[in-house]
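This report describes a protein model with its sequence beside it. Look through both before reading on.

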Amino acid sequence: MIDNLAFLLSNVGIVLSIYFMLRSEKTEKQQNTKNNRRA
Amino acid sequence: MRDLIILVVLLAFILPGLTRPYLAFAGYLWTDLVVPQGLVFGFLAGKPISMIMALVCFVSLLLGAKKLSFTQSKSIPFLLILFLIWITLTTLNARFPMAAWTKWDPAFKTVLMAFLLMFTITTRKQLEFVVLVFFCSVMFYMASAGPKTILSGGGYGARLILNGSNFGLSESSTLACVAVMTLPIILYLNKHISLIPFLKNKKFLWLLTGILCITTVVGTTARTGLVALVSYVGIRSFNFKSMMKLIPLVLLAAIVISQVAPQSWFDRMGKTTASQRVAVWKWTIDYVAEKPVMGGGFQSYLDNGGKLGLYDQELVDFKGVRAFHSIYFEVLGEHGYVGLLIFLGLIFTTIRLNHSLIKRTDIDERTKDFCMSMNHAIYIFCIGGAFIGVAFKPIIYQLIAISVAHHTIACRELREESS
């Protein structure tokens with residue numbers, strides 16, 4: 001029970017990190033496109 | 001269910017990772033630390049998860065070659081390559097070839113992947129992401145062992161980790177050492193995490209992870225853990241200000257230990273079996289005197305069968321073999337003085353690299369704290385590792401790779417600021 005919970009929590013942390021990383025990449029890309037258009 | 005979770009994580013790494021080398025390598029780091037193939041019994045059982053992740057890494061290197069960057073430090077990549085060549089040469093010359101090649105395989109992969117990892121991390125966000133994957137991976141062990149210690153008190157030989165056997169980092173002394181190594185990383189993330197904004201300064205959450213690490217140290221009843229923990233307190237107390245900040249943490253650790261640790265823990269801490277280790281270390285020095293350059297190759301401790309009685313009276317009738325139980329004697333016995341020199345060179349150069357940033361006056365607090373946390377984790381590894389044979393476990397090479405990548409990013413930021 002504890003093992004499975006630990007396993008789940010650890011992997012939720014990893015998936016969450018991947019999600020936020022990809023989201024931050026997307027935001028950065030959009031920002032760059034916006035800046036390029038303005039320029 | 002566990003298979004399903006692993007599949008989700010694998011896909012989350014693989015799909016975007018095909019064109020993003022840092023993500024693919026973070027996935028490999030996860031498989032290296034968590035060893036998911038040892039945890040599955042369903043449809044993923046027997047599948048070469050680690051090999052699949054390694055393949056994804058190489059595909060990502062091809063597809064995302066433009067996203068790689070050269071490192072600022074040239075000495076560490078050079079030393080890693082030298083180390084790879086050297087451990088291969090000593091294996092070709094090994095005393096026990098079959099056993100040596102068995103250990104060479106994971107050791108070579110570990111060093112090679114760490115070498116490649118440092119070229120894939122090119123931005124601060126990516127670096128933080130890799131550190132988070134590292135943190136979440138090692139926290140799997142602490143989140144497993146910590147609560148069990150609180151509930152049952154742990155104990156020598158107690159099954160604290162899923163699957164129980166010596167897979168990944170689950171061996172008790174290794175686990176205790178890694179638990180202490182995680183503490184400086186927790187302190188850094190608490191203060192500077194930016195990738196997952198809602199986790200920043202959530203003191204209670206980070207304190208909880210710290211408590212899990214300390215209870216894991218207690219639960220393993222490994223003396224290595226206690227030595228590492230005391231050393232970390234010592235390292236942090238170098239100046240008065242840090243010492244004052246540390247007092248609540250020391251008090252907390254003392255309270256946790258006094259409440260959680262059973263009598264058997266105090267009994268075991270008072271016991272000493274150091275003489276047997278010292279006997280193996282003395283034997284190693286004599287053994288290497290005959291082959292100082294190359295050593296005996298991987299697993300050369302197998303040669304000490306029946307010979308340890310010469311070094312310890314207690315072992316006169318002992319006919320079996322004893323492992324090195326020390327990273328230094330492990331590398332010395334297996335790869336000779338040249339191997340030890342390269343290994344120490346790697347660690348020393350990394351510490352110096354981080355230190356070179358710490359002592360600069362023109363860098364921000366975040367960079368300084370990052371370097372400090374990396375150096376503290378490496379110091380703990382060096383102290384704890386003196387009593388456990390983990391020279392070829394991935395953790396130290398991953399810390400080296402992360403430190404080198406961080407140095408490159410920090411130097412680039414400084415150049416951009418000044419121009």
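## The model

This is a predicted model, in which local features need pLDDT of at least 70 and side-chain atom pairs count only at pLDDT 80 or more, while totals for chains, interfaces and linings use all residues. Residues are numbered from 1 along each chain as its sequence is written, chains are lettered from A and ligands numbered from 1 in the order in which they are written, and side-chain values use heavy atoms, leaving out hydrogens and water.

## Chain A

Chain A has one helix and zero strands (DSSP runs: H or I of at least four residues for helices, E of at least two for strands, numbered from the N terminus). Its C-alpha trace spans about 55 × 5 × 5 Å along the principal axes. Of the 39 residues in chain A, 31% are buried (buried is under 20% relative accessible area, exposed over 50%, partly exposed in between, with a 1.4 Å probe and protein chains only).

## The interface

Chain A brings 19 residues to the contact and chain B brings 33 residues (contact means heavy atoms within 4.5 Å). About 2200 Å² is buried between the two chains, and carbon and sulfur atoms give 77% of this area (the accessible area, with a 1.4 Å probe, that two parts lose on being put together, summed over both). A:D3, A:F7 and A:M21 supply 28% of the area that chain A buries against chain B, more than any other three residues.

The rule finds two salt bridges across this interface (a side-chain nitrogen of Lys or Arg within 4 Å of a carboxyl oxygen of Asp or Glu). A:D3 forms a salt bridge with B:K148, with the closest N and O atoms 2.8 Å apart.

## The nonpolar core

The largest nonpolar core has 135 residues, among which B:F13, B:F129, B:M142 and B:Y397 touch the most other members (a core is a set of buried Ala, Val, Leu, Ile, Met, Phe, Trp, Tyr and Cys residues joined through side-chain atoms within 4.5 Å). Helix α6 (residues 124-152) of chain B gives the largest share of this core, 16 residues.

Beyond its neighbours within four places in sequence, B:F129 is in contact with residues of both chains, including A:I18, A:M21, B:F13 and B:L195.

Most residues other than glycine have a negative phi. B:Q299 has a positive phi, near 65 degrees, and B:H325 has a positive phi near 55 degrees. B:Q299 is buried, at 19% relative accessible area, whereas B:H325 is partly exposed, at 31%.
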